[in-house]
Amino acid sequence: MSTTFSGINQTSGDKRWSKDGAAVAPASARASSPASRPAPESPRPSAGAASGWRYSTQLNEQLSAAQCALGYVDDMLRQLESFKSSLSQQLAQRRLDSADLKQQQGELARSWQRRQADSAGSLDSQLRLSLGAPARQNFTAQGLDLDSLTGGQPETLVFALDGQAAPASVRVGDGISREAALRRLNQALGPLGVRCELDDRGRLGFSCGEQQWDKLRSSLTVRGGGVRFPGGMPQPLPVQAEPPALDVSRWQLDDHAQVRQALQGAVRSIAQLQQTRAAIALPIAEARQSISQLTRTDEQSWADGFVSDFNARLNQTADFNHLQQLVPAVLGISRYRVISLLSLR
């Protein structure tokens with residue numbers, strides 16, 4: 001089961017919904033608090049509920065990863081609040097201690113570099129939470145856009161990655177549809193660990209596991225037929241990572257104008273971390289509730305109950321109040337998101 005939470009959007013399987021919540025334990029206690037350790041496993045149910053027990057174990061693992069991510073976010077918030085206070089104080093006093101500010105900036109940068117380890121690999125560079133699957137790195141690839149891939153002369157593109165068994169080829173151009181181009185790219189690049197999808201504006205983007213990113217950006221190659229990419233020897237495919245949500249190393253602190261800009265950046269970063277913090281809390285509560293329920297019932301009974309309850313809500317005819325509970329599940333799901341999901345089949 002794979003679950004992804006980004007800011008206020010959360011995805012489970014092929015579903016997406018918006019949620020808010022409150023946070024839990026600070027990161028300073030991660031090493032010693034229950035929040036930083038895997039949640040205690042629920043008592044083993046009877047043999048008739050074996051599948052539910054396996055599901056509960058998986059939920060425990062996801063709960064532990066979410067708690068690590070939440071602890072990391074709390075730690076970054078604490079450091080950023082302290083840094084913001086220092087910036088504000090020095091601006092108010094109209095004097096700068098750049099050495100002190102840069103020391104705090106360095107601590108923040110080092111904490112950000114530890115994001116993968118401290119969040120148990122569940123928090124990506126955009127502060128999106130990914131449970132049940134490794135966090136992914138989004139990127140763009142120069143020369144690979146839908147207008148180019150669907151129009152123009154036909155061409156076979158051959159992609160290769162060092163260490164992979166065989167290159168992957170895809171036929172593009174000649175007026176194929178956007179959906180067909182996306183599907184072909186996913187079929188070709190999927191074995192290389194690359195996923196292709198459309199953003200909410202219909203633009204083509206790519207992603208890979210964060211652990212794979214360094215290798216991919218340095219060794220992914222493409223060979224064409226002289227239309228979109230040169231033929232002959234494979235050429236490195238120019239790829240660009242999505243800018244991280246937090247990049248404190250770019251903040252300059254040498255004069256008052258730069259400190260004001262850094263203060264604005266700190267305020268924005270705090271707001272984004274608070275959104276992530278709220279988005280993590282509710283799934284933690286839901287995971288705990290699901291674990292509790294699975295200790296008392298088997299998986300089939302739980303699924304039957306869920307379907308019955310959902311149908312009952314959907315088939316109400318008295319008014320539209322029940323739709324208010326369904327609308328959040330589809331908010332933010334654009335046509336392009338649906339196309340991206342279908343292309344993975």
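**Entry 1: ground rules.** I am working on a predicted model, in which local features need pLDDT of at least 70, side-chain atom pairs count only at pLDDT 80 or more, and totals for chains, interfaces and linings use all residues. Residues are numbered from 1 along each chain as its sequence is written, and side-chain values use heavy atoms, with hydrogens and water left out.

**Entry 2: the cavity.** I noted the rule: on a 1 Å grid over the protein atoms alone, a cavity is a set of points where a 1.4 Å probe fits but cannot get out, and lining residues have an atom within 4 Å of a point. Grid points are joined across faces, edges and corners, and a volume is the space filled by probe spheres set on the points. By this rule I count 1 cavity of 30 Å³ or more. Which residues line the largest cavity? I list Phe 139, Leu 144, Phe 159, Leu 189, Val 194, Phe 206, Leu 220 and Leu 237. The lining divides into 8 nonpolar residues, no polar and no charged.

**Entry 3: overall counts.** I find 10 helices and 12 strands in the protein. Both are DSSP runs numbered from the N terminus, helices being H or I with at least four residues and strands E with at least two. Of the 345 residues, 42% count as buried; buried means under 20% relative accessible area, exposed over 50%, and partly exposed in between, with a 1.4 Å probe and protein chains only. Among contacts (heavy atoms within 4.5 Å) with a separation of 6 or more, 68% come from residues 24 or more positions apart.

**Entry 4: sheet with β6 and β10.** I traced an open sheet of 4 strands in the order β7-β6-β10-β11, with antiparallel pairing. Two strands pair if DSSP finds at least two bridges between them. β7 (168-172) and β11 (235-236) stand at the edges with a single partner strand each, so one side of each has no neighbour in the sheet. Helix α5 (residues 178-189) packs on this sheet and touches β6 and β7, its direction making about 170° with that of β7. Such angles run from 0 to 180 degrees between N-to-C directions, and the axes are lines fitted to C-alpha atoms, for helices over the stretch in contact. Strand β6 (residues 155-161) pairs with strand β10 (residues 220-223) over 4 bridges. Leu 161 has Leu 220 of β10 as its bridge partner, and Ala 160 stands opposite Thr 221. β10 is joined to β11 by 2 bridges, again antiparallel, and here Thr 221 stands opposite Pro 236.

**Entry 5: sheet with β5 and β9.** I then followed an open sheet of 4 strands with the order β8-β9-β5-β12 and antiparallel pairing. Neighbouring strands are turned by 40° against each other on average, direction ignored. Helix α5 packs on this sheet too, touching β8 and β9, at about 160° to the direction of β8. How many bridges hold β5 and β9? Strand β5 (residues 136-141) and strand β9 (residues 204-209) are paired antiparallel over 4 bridges. Asn 138 has Ser 207 of β9 as bridge partner, and Gln 137 stands opposite Cys 208. β5 also pairs with strand β12 (residues 239-241) over 3 bridges, where Thr 140 is partnered by Gln 240. Helix α6 (residues 210-219) lies across β5, β9 and β12 and runs at about 110° to β9.

Entry 6: Most residues other than glycine have a negative phi. I checked Ala 120, whose phi is near 60°. Ala 120 is in the loop between α3 (115-118) and β4 (128-131) and is partly exposed, at 46% relative accessible area. Leu 127 lies in the loop between α3 and β4 and has a positive phi of about 65°. Is Leu 127 buried or exposed? Leu 127 is buried, with a relative accessible area of 3%. Ser 130 is in strand β4 and is buried at 10%. Ser 130 and Ala 66 are 64 residues apart in sequence and 8.4 Å apart in space, C-alpha to C-alpha.

Technical notes: 1 Å grid on protein atoms, 1.4 Å probe; cavity = no way out; pocket = protein on both sides within 12 Å on 5 of 7 lines; lining within 4 Å. Nonpolar A, V, L, I, M, F, W, Y, C, P; charged D, E, K, R; others polar.
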